[in-house]
Structure formats: structure tokens, C-alpha cells
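Please read the following briefing alongside the sequence and the structure.

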Amino acid sequence: MNSYLKAFGNLFELGFKLSEYPFLVDQSDDNDMCPSFHFELDSVYYILWVDHAAVEKREDESHRRYTVVEAENLGDDEYPELQTKASPALVELEAAADIVLYLNELKKGFGAIPKLWQ
């Protein structure tokens with residue numbers, strides 16, 4: 001079972017199929033307000049935060065559902081310990097269709113993903 005399902009329940013809807021994006025590493029924790037997934041591209045770590053689809057369930061209703069931020073690795077490459085950098089969000093999206101488009105574009109940057117992951 002994925003960490004986000006353990007932390008946020010089987011009814012939490014991401015708006016995309018996690019299995020289609022094997023570069024996303026589920027780092028969700030029940031201490032967080034919403035699920036999060038990290039990925040590394042060109043030696044830089046990023047975190048995708050996925051908030052509730054229903055605006056009224058969000059801690060801050062002014063935030064968009066999907067937010068991508070640059071992350072700082074406090075661990076090492078083998079065992080990353082990531083936290084959000086203080087810089088502004090790189091991407092903020094509301095619609096599930098928009099995050100799917102974004103992730104599909106991002107997936108093109110991972111052309112060397114082994115076939116067994118695809």
C-alpha cells in the first residue's frame with residue numbers, strides 16, 4: 001500500500017494514476033496536511049504536494065490543489081531527507097487535467113526510465 005493511502009486513507013483521490021509516473025516517490029506522512037511525492041531531475045530535487053480536491057477540506061483554501069516546489073536534501077543521495085526550500089512555488093495548478101499534462105511533459109525528461117518501470 002502506498003504511503004499516501006496509509007496516511008490519508010483509501011478515499012483520497014490524487015487526480016492522476018501514480019503508477020503512470022514511476023519517477024514520483026511517495027514520501028507522504030500523516031504529520032503533513034496532504035500527500036507529497038518527490039522526484040529528482042538534473043540533480044535537483046522537487047516535491048509535488050497534492051491537496052484535497054474539495055477546497056473546503058484544505059488547510060489554506062487560497063492554495064491551489066497541486067504545488068511543485070524545489071526541495072533541499074538534508075540527507076544523502078541514497079536516503080534523501082527532503083524539505084521544501086524557502087523559494088516560491090515553481091508550479092501551482094488546480095485542475096487534475098492540468099497536473100496530468102504537467103506530469104506527462106515531465107515524464108519526457110525521464111527518457112532513460114527502464115522498460116520495467118514503464
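A polar contact is a pair of N or O atoms within 3.5 Å, where, within protein, one must be able to donate a hydrogen and the other to accept it. The model discussed here is predicted, and its average pLDDT is 89.

- Arg58 sits in the loop between E3 and E4, and it counts as buried because its relative accessibility is 5%, where buried means under 20%.
- A polar atom of the Arg58 side chain lies 3.5 Å from the backbone oxygen of Ala53, while the side chain of Arg58 also reaches the backbone oxygen of His63, at 2.9 Å.
- When neighbours within four places in sequence are left aside, the residues in contact with Arg58 are Asp51, His52, Ala53, His63, Arg64, Arg65 and Glu94.

**The largest pocket**
- The largest pocket holds about 250 Å³ of space, and of the 13 residues that line it, Cys34, Trp49, Asp51, His63 and Thr67 are the closest to its centre.
- Strand E3, which covers residues 44-50, and strand E4, which covers residues 66-73, each contribute at least two residues to the lining of this pocket.
- Sorted by class, the lining of the largest pocket consists of 6 charged, 5 nonpolar and 2 polar residues.

**Confidence of the model**
- A pLDDT of at least 70 is reached by 92% of the residues.
- Over residues 112-118, however, pLDDT stays under 50, and for this stretch the model has 4 contacts beyond four places in sequence.

Conventions:
Residues are numbered from 1 along each chain as its sequence is written. This is a predicted model: local features need pLDDT of at least 70, side-chain atom pairs count only at pLDDT 80 or more; totals for chains, interfaces and linings use all residues. Side-chain values use heavy atoms; hydrogens and water are left out. On a 1 Å grid over the protein atoms alone, a cavity is a set of points where a 1.4 Å probe fits but cannot get out, and a pocket is an open set with protein on both sides within 12 Å along at least five of seven lines; lining residues have an atom within 4 Å of a point. Grid points are joined across faces, edges and corners, and a volume is the space filled by probe spheres set on the points. Helices (H or I, at least four residues) and strands (E, at least two) are DSSP runs, numbered from the N terminus. Ala, Val, Leu, Ile, Met, Phe, Trp, Tyr, Cys and Pro count as nonpolar, Asp, Glu, Lys and Arg as charged, and the others, Gly among them, as polar. pLDDT is the predictor's confidence in each residue, from 0 to 100. Contact means heavy atoms within 4.5 Å. Buried means under 20% relative accessible area, exposed over 50%, partly exposed in between (1.4 Å probe, protein chains only).
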